[in-house]
Amino acid sequence: MADLMYTRILVPLEHSSYDGVIVDHVRRLATLCQSSLVLIHVADGWAARHQRSLQLRESEEMRADREYIEQWCATLRAEGFETESILAGGDPATEIASAAEREACDLIAMAVHGHKGLQDVLYGTTANGVRHKTMVPVLMVRGPAGGRPR
């Protein structure tokens with residue numbers, strides 16, 4: 001099956017209501033392409049951003065994030081998908097782009113919020129940052145209106 005377009009898909013999860021949207025979409029795509037999945041969550045709180053450099057223990061937020069992403073991983077494995085999980089810390093766009101390369105992913109599939117104006121400034125534009133930092137194709141699936149980022 002070397003002809004299949006996407007063999008390894010990186011799926012950033014943000015621990016919010018938007019995750020179900022991208023996971024539902026990726027389930028169908030991964031089934032069609034027989035892809036393996038790499039789930040990533042980037043913890044971006046102060047402790048997560050400085051954990052390595054300051055040799056900090058994992059924060060409560062990071063433990064909750066790890067549990068959350070491992071639950072998604074277990075759910076997808078139970079459905080028959082080959083799935084791995086990564087908990088990273090730092091700038092989400094940078095970590096996602098780096099993971100795609102490091103993990104040899106040939107697609108990044110992520111949910112986007114569709115914010116406009118001030119909301120983009122407040123919530124950031126991770127998807128925009130990812131597409132500027134990677135050469136890996138990025139599939140953006142719009143989440144529901146009124147969904148809440150974490």
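**Exercise 1.** Which residues of helix α6 (residues 126-133) are buried, and where do they lie around the axis?

*Solution.* Step 1: the buried residues of α6 are A127, G129 and V130, where buried means under 20% relative accessible area, exposed over 50% and partly exposed in between (1.4 Å probe, protein chains only). Step 2: viewed along the axis, they fall within an arc of 160°, so they line one face of α6; the arc is that of the directions from the helix axis to the C-beta atoms. Helices (H or I, at least four residues) and strands (E, at least two) are DSSP runs, numbered from the N terminus.

The model is predicted: local features need pLDDT of at least 70, side-chain atom pairs count only at pLDDT 80 or more, and totals for chains, interfaces and linings use all residues. Residues are numbered from 1 along each chain as its sequence is written, and side-chain values use heavy atoms, leaving out hydrogens and water.

**Exercise 2.** Find the salt-bridge partners of R27 and state where they lie.

*Solution.* Step 1: a salt bridge is a side-chain nitrogen of Lys or Arg within 4 Å of a carboxyl oxygen of Asp or Glu. R27 pairs with D24, with the closest N and O atoms 2.7 Å apart. Step 2: R27 and D24 are 3 residues apart in helix α1 (residues 19-33), about one helical turn. Step 3: R27 is buried at 19% relative accessible area, whereas D24, at 39%, is partly exposed. Step 4: R27 also forms a salt bridge with E79 (2.7 Å, N to O). E79 lies in the loop between α3 and β3 (83-89) and R27 in α1, so this pair ties together parts 52 residues apart in sequence.
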